Amino acid sequence: MQTRSLHLLEFPKVLRLLAEGAVSEAGAARCLGLAPLDDTARLADEAERLRQWLSWSGETGFALRPFPSLDGLLGALDRPAEMLDLDALWAVFQVLDAAREVREALADAAARWPLLAEAARGPWPAMLWSGLRRCLGPDGNLRDEASPQLFQVRSEIRAIHQRCTVRVKAFIEREVLSQYLQEEFMTVSSDRYVLPFKTSFKNKLPGIIHDYSQTGETCYFEPMFLVELNNELQQLKQEEREAEREVLRLLSGLLRQEREALGAAYDFAAQADVLGAKAAFAARFDARPVEVGPGLPLRLLGARHPLLAASGGGAVPVDLLLEPGQRALVVSGGNAGGKTVALKTLGLGAVMALAALPVCAREGSTLPAWGKFFVLLGDEQSIEDSLSTFTAQIRHLCAAWEAIDERSLVIMDEFGAGTDPSQGAALAQAVVDGFLDKGSWLAVATHFPALKAYALSRERVRAASVLFDPRTKRPLYHLAYDQVGASQALDVAREHGLPEHLLARAQQYMLLDGSDTSAVLERLNALAVEREGELAALRAEQDKLRERRARLQERFEAQRRRLLEDIQGRSREIMRAWREDKLGRKQAMKELAELRREAGGEAEAPAPEGAPGPLEFEAVVLGGRYRHLGLGKSGSAAALDERKRQVKLDLGGVSVWARPADLAPEERPAASGPRAVSVPAGSGGATPVLDLRGVRAEEAEGQVCRFLDGAVLSGLSGVEIVHGRGTGALRKEVHRILRAFPAVDGFALAPEDRGGDGMTIVELK
């Protein structure tokens with residue numbers, strides 16, 4: 001990747017904008033070090049990690065706390081004899097605490113954000129973290145409990161302080177020293193307990209003067225009776241320092257022992273900071289990851305230059321598009337119309353996408369998997385190197401020519417300028433031909449009429465023109481495709497104050513030369529502006545319809561959930577009343593049937609022609625299989641009651657008396673398509689089963705939802721769904737539906753002897 005090209009596209013400035021969103025020095029440094037990736041697999045992985053972070057942080061609102069840099073500290077660990085000080089250990093604690101917060105927040109993210117959860121399961125310095133938590137307090141100092149020796153010596157120091165306080169108070173009262181004291185309290189000077197005496201009374205008592213205040217009015221006086229206690233205190237202070245050094249030595253040893261795990265945790269926290277900075281950049285500039293891959297088209301929708309957006313002046317979105325088979329985009333049109341900005345936006349957006357950064361473009365944008373960038377922008381002349389504009393362009397082109405291939409994007413602004421226009425235009429066409437022969441991609445801005453005609457006549461080249469307002473001649477900063485635009489040099493010169501008589505003379509020269517095509521091009525520009533307005537209105541209408549459909553879908557889902565929850569609650573109440581003998585079986589079945597009718601489970605429409613009527617008592621055969629319409633379960637006819645004209649149905653060990661009208665003969669399911677059957681489930685009776693084998697994944701949702709609704713209305717506690725093994729797509733779709741279904745309490749794959757991963761067992765609430 002050419003460093004010069006990245007600087008011409010102002011990629012380092014974008015990285016500085018990105019680094020502003022980091023909360024740590026380490027994260028900011030990593031942001032500034034980002035570069036386009038050559039490995040497409042790694043790029044896809046980084047882009048997916050960013051998508052998952054945006055989704056996860058958007059749902060949870062997680063924000064990483066600031067933490068210090070450990071770069072210098074980790075280097076100091078190479079010196080074995082060096083003991084880390086308290087500040088260094090406190091910095092390690094802050095880093096690990098920040099990393100711990102991210103790890104714990106991602107603990108349950110494996111189902112929806114697997115890449116983030118996998119990173120959170122990296123190495124962890126458990127012993128070091130435990131030691132730091134025990135030894136360091138919330139203020140960054142060592143706790144008393146850091147070691148038994150430290151606890152004992154600090155306890156003795158506190159005891160001496162209490163003894164000194166008591167003795168000083170008694171001494172002041174006994175000797176009536178209040179008049180000698182500047183302030184009535186004991187203080188510390190030179191690490192010894194002293195009394196603040198007025199300087200005029202410093203010779204009234206025997207003792208030691210340690211220091212004077214800045215004004216000289218107070219001397220810090222150590223009475224003789226405190227000398228022995230202060231000496232003992234100094235001894236204890238020395239022991240305290242030795243105990244603290246021992247704790248620091250122990251923690252330093254743990255840090256060296258788990259250096260690799262510490263480095264991994266530090267890198268995890270820094271990478272989380274980079275992802276957080278990318279998320280902040282995406283929120284600030286309405287940016288998002290762009291799909292990059294071999295064979296994908298150049299399709300940047302509503303692309304904006306982030307530096308223009310950051311400047312506060314606003315950036316007009318522009319669509320940068322090539323049709324399948326096209327490799328070059330030639331942009332023409334007036335000066336200051338946005339040609340160079342469009343080229344920079346394309347190049348910068350591509351570099352950002354290849355660096356796994358969010359790009360300022362709309363959803364649906366795609367880019368080819370470019371690996372190299374060659375950029376020729378602006379005036380390349382150099383007085384020091386004796387290079388003219390044209391010579392500098394040729395030198396840079398020759399230096400990169402051999403390295404350019406089919407994975408290269410070449411951006412050229414006004415190539416061929418600075419020499420004879422006819423020769424420059426011919427050379428520009430030849431260079432574009434050469435790049436196309438190499439299979440590379442190009443974006444070119446030009447004023448050459450010959451190159452404009454070239455763009456309209458070549459199959460692999462697409463022409464585009466920047467648009468101007470037909471009335472005011474002001475630039476609109478939009479691109480109109482498959483047409484060319486006039487340079488409008490005279491209009492720009494007029495706008496910037498060139499005398500009118502010079503402009504009139506220039507117009508006469510153009511007429512004499514026979515090259516004035518401005519009227520035709522202005523008409524094309526006006527038509528293009530009109531078309532762009534119509535397309536914008538259509539897009540706005542599409543967006544409104546899409547939003548309306550989303551709102552209606554959301555409202556429908558909410559109403560469906562409420563209705564389902566209401567029916568489930570009422571059915572549970574009916575079943576509870578039946579179990580508690582508050583409701584007879586017949587009445588319970590009647591109310592459940594009424595619920596089904598309310599929910600649409602039994603349509604009150606005339607039966608189709610040829611459909612069988614209610615089952616007659618005389619048609620029931622002992623041992624025959626019948627389905628109980630109210631319970632939704634099947635069993636065999638075990639006995640018949642002639643007097644009551646009822647059938648005793650054996651439901652897998654549970655017997656139920658039922659009227660023939662409540663039963664239906666069990667029919668063999670069709671040979672193909674989804675089918676609900678009942679299979680033995682151990683000794684506990686029959687469990688309803690939905691067989692989806694042969695059903696496409698996108699068609700499964702309606703079948704599964706209807707099956708689960710019926711199971712809930714029947715008061716079942718569990719069902720089984722057979723989806724087969726196959727590619728696993730149907731199983732994934734079924735599990736997605738089950739996770740979203742409100743009445744599902746849990747689900748798991750069946751044991752291997754009952755189908756394994758070809759069947760899912762579902763528990764209902």
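## The main core

A nonpolar core is a set of buried Ala, Val, Leu, Ile, Met, Phe, Trp, Tyr and Cys residues linked through side-chain atoms within 4.5 Å. With that in hand, let's look at this model, which is a predicted one. Its largest nonpolar core is made of 73 residues. If you want to find the residues with the most contacts inside this core, go to L70, V92, L132, F197 and L255. The biggest contributor is helix α10, running over residues 224-257, which puts in 11 residues.

Take L255 as a way in. Skipping its neighbours within four places in sequence, L255 is in contact with L73, L77, L84, L89, V92, L128 and L262.

Now for the strands. Four of them form an open sheet in the order β1-β2-β4-β3, paired antiparallel. At the edges sit β1 (187-189) and β3 (207-212), each with pairing on one side only. On average, neighbouring strands here are turned by 50° against each other, ignoring direction.

F197, which we met among the core residues with the most contacts, has C219 in β4 as its bridge partner. Helix α10 turns up again here: it packs on the sheet and touches β2, β3 and β4. The direction of α10 makes about 85° with that of β4.

Methods:
Residues numbered from 1 in each chain as written. Predicted model: local features only at pLDDT ≥ 70, side-chain atom pairs only at ≥ 80, totals over all residues. Heavy atoms only, no water. Buried < 20%, exposed > 50% of the residue type's maximum accessible area, 1.4 Å probe, protein only. Helix = DSSP H or I, 4+ residues; strand = E, 2+ residues; numbered from the N terminus. Contact = heavy atoms within 4.5 Å. Pairing = 2+ DSSP bridges. Axes fitted to C-alpha atoms, helices over the stretch in contact; angles between N-to-C directions.
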